[in-house]
Amino acid sequence: MITPDEAEKLAHSTLEKYINSCNCGTAEDVGKVLLKLLSMTGLALNATQGQANAVAAIESVALHVGKPKYAKAASLHRLN
């Protein structure tokens, strides 16, 4: 199993490739494809960890993202 730091780097790289592969033209487009990815991730969590654990994990992420330090939207820059 990879370390948490390695997992974060891999997730960042994979997410970047996913967004670029979707050929998003606007920040709204990015939001749509990320929501699809979030939905698929939730279903994968449900399938592997059970519904209660999947819901708890998603709620935990929502609380984390809801912190004031994350209130400002990031700017988007195409990398390829």
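1. The side chains of Glu-28 and Lys-32 form a salt bridge, with nitrogen and oxygen 3.6 Å apart. The model is a predicted one, and the count of salt bridges in it comes to one. Side chains of opposite charge can pair when their charged atoms come close.

2. Glu-28 and Lys-32 both belong to helix α2 and are four residues apart, so about one helical turn separates them. An α-helix has 3.6 residues a turn, so residues three or four places apart point the same way.

3. As for the overall make-up, the protein chain has three helices and zero strands. Read from the N terminus, the order of elements is α-α-α. The C-alpha trace spans about 35 × 30 × 25 Å along its principal axes.

4. Helix α1 covers residues 4-21, which is 18 residues. Just after α1, Asn-23 has a positive phi of about 50 degrees.

5. Two packed helices are described by the angle between their axes and the distance between the axes. For α1 and α2 (residues 27-49), the angle is about 125 degrees and the axes are 10 Å apart. Angles from 65 to 115 degrees count as roughly perpendicular and those over 145 as roughly antiparallel; α1 and α2 are therefore oblique to each other. Their crossing is right-handed.

6. Which residues make the contact between α1 and α2? From α1 come Leu-15, Tyr-18 and Ile-19, and from α2 come Val-30, Val-33, Leu-34, Lys-36 and Leu-37. Sorted by class, this contact of α1 with α2 holds seven nonpolar residues, no polar ones and one charged residue.

7. The crossing of α2 past α3 is right-handed.

8. On the α2 side, Gly-42, Leu-45, Asn-46 and Gln-49 make the contact with α3. The α3 side supplies Gln-51, Asn-53, Ala-54, Ala-57 and Ile-58. How many residues of each class does the contact of α2 with α3 have? There are four nonpolar, five polar and no charged residues.

Note on methods: Residues are numbered from 1 along each chain as its sequence is written. This is a predicted model: local features need pLDDT of at least 70, side-chain atom pairs count only at pLDDT 80 or more; totals for chains, interfaces and linings use all residues. Side-chain values use heavy atoms; hydrogens and water are left out. Helices (H or I, at least four residues) and strands (E, at least two) are DSSP runs, numbered from the N terminus. The expected span of a helix is 1.5 Å times one less than its number of residues. Axes are lines fitted to C-alpha atoms, for helices over the stretch in contact, and angles run from 0 to 180 degrees between N-to-C directions. Angles under 35 degrees count as roughly parallel, over 145 as roughly antiparallel, 65 to 115 as roughly perpendicular and the rest as oblique. A crossing is left-handed if the near helix is turned anticlockwise from the far one by less than a right angle, and right-handed if clockwise. Contact means heavy atoms within 4.5 Å. Ala, Val, Leu, Ile, Met, Phe, Trp, Tyr, Cys and Pro count as nonpolar, Asp, Glu, Lys and Arg as charged, and the others, Gly among them, as polar. A salt bridge is a side-chain nitrogen of Lys or Arg within 4 Å of a carboxyl oxygen of Asp or Glu.
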